[in-house]
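Here's a quick tour of one protein model, with an eye on charged pairs and helix packing. Have the sequence and the 3D view ready.

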Amino acid sequence: MSWLLSPLPPTFEAALRDVHARRTESRVAAAERLGDGGDDRREEAVASLRTLAEDKDARVRAAAVRALQQFGDVRTLPIVVQRLDEGDALVRELAVIALGAVGGDAACEALHAAMRSRHPEVRFQAVVSYVEACAKPQLAALKPLLRDEDGKVRANAARCARHFGYGA
């Protein structure tokens, strides 16, 4: 058991500074803090999270995408879409979830495209986000995933197809 207390989250000003910190943990903490930065500093937070979403360390990129999800803002859409085809599977999944939080027509188009991704984890998440976040999801968009090469994607597509009464 450790008697040391965990460090306090950085202030917003410190988080802005720590976007370029040497330590990975500091950059992760910066992303987490910027995600709950409030409306008055949203532009600064999004600009800094854009930088963190391109960090060399996947843990930092994941924290940045999680933070962008909290905004649920169409202005974050290009940043999140860029992460759909990146090198780390967790970051790709989190990007799809963040798209669902953004909502709206542009996010639905991106989710529809994500259902055709070469990455199974993206397709797996995209089908759920598509049905939950889009105002008018179409069963026709899900049907190809019912024959997906990945069993988990097929199962998720089948669960989501029930939303339309398909297979019930």
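Which side chains meet in a salt bridge at 3.6 Å, N to O? They belong to R23 and E25. Keep in mind that this is a predicted model.

**Salt bridges**

- D57 counts as buried, because its relative accessibility is 16% and the cut-off for buried is under 20%.
- R118 and D85 form a salt bridge at 3.2 Å, N to O. R118 sits in the loop between α7 and α8 and D85 in the loop between α5 and α6, so this pair ties together parts 33 residues apart in sequence.
- Of those two, R118 is exposed at 61% relative accessible area, and D85 is partly exposed at 47%.
- Salt bridges also link R42, E43, D73 and R75 into a network.

**Helix packing**

- Helix α2 (residues 24–35) and helix α4 (residues 58–71) have axes that come within 8 Å and cross at roughly 5°. Angles under 35 degrees count as roughly parallel, so α2 and α4 are roughly parallel to each other.
- On the α2 side, the contact includes T24, E25, R27 and V28; on the α4 side, R59, V60, A63 and A64 are among the residues taking part.
- Sorted by type, the residues of this α2–α4 contact are 8 nonpolar, 3 polar and 3 charged.

Conventions. Residues are numbered from 1 along each chain as its sequence is written. This is a predicted model: local features need pLDDT of at least 70, side-chain atom pairs count only at pLDDT 80 or more; totals for chains, interfaces and linings use all residues. Side-chain values use heavy atoms; hydrogens and water are left out. Axes are lines fitted to C-alpha atoms, for helices over the stretch in contact, and angles run from 0 to 180 degrees between N-to-C directions. Helices (H or I, at least four residues) and strands (E, at least two) are DSSP runs, numbered from the N terminus. Angles under 35 degrees count as roughly parallel, over 145 as roughly antiparallel, 65 to 115 as roughly perpendicular and the rest as oblique. Contact means heavy atoms within 4.5 Å. Ala, Val, Leu, Ile, Met, Phe, Trp, Tyr, Cys and Pro count as nonpolar, Asp, Glu, Lys and Arg as charged, and the others, Gly among them, as polar. A salt bridge is a side-chain nitrogen of Lys or Arg within 4 Å of a carboxyl oxygen of Asp or Glu. Buried means under 20% relative accessible area, exposed over 50%, partly exposed in between (1.4 Å probe, protein chains only).
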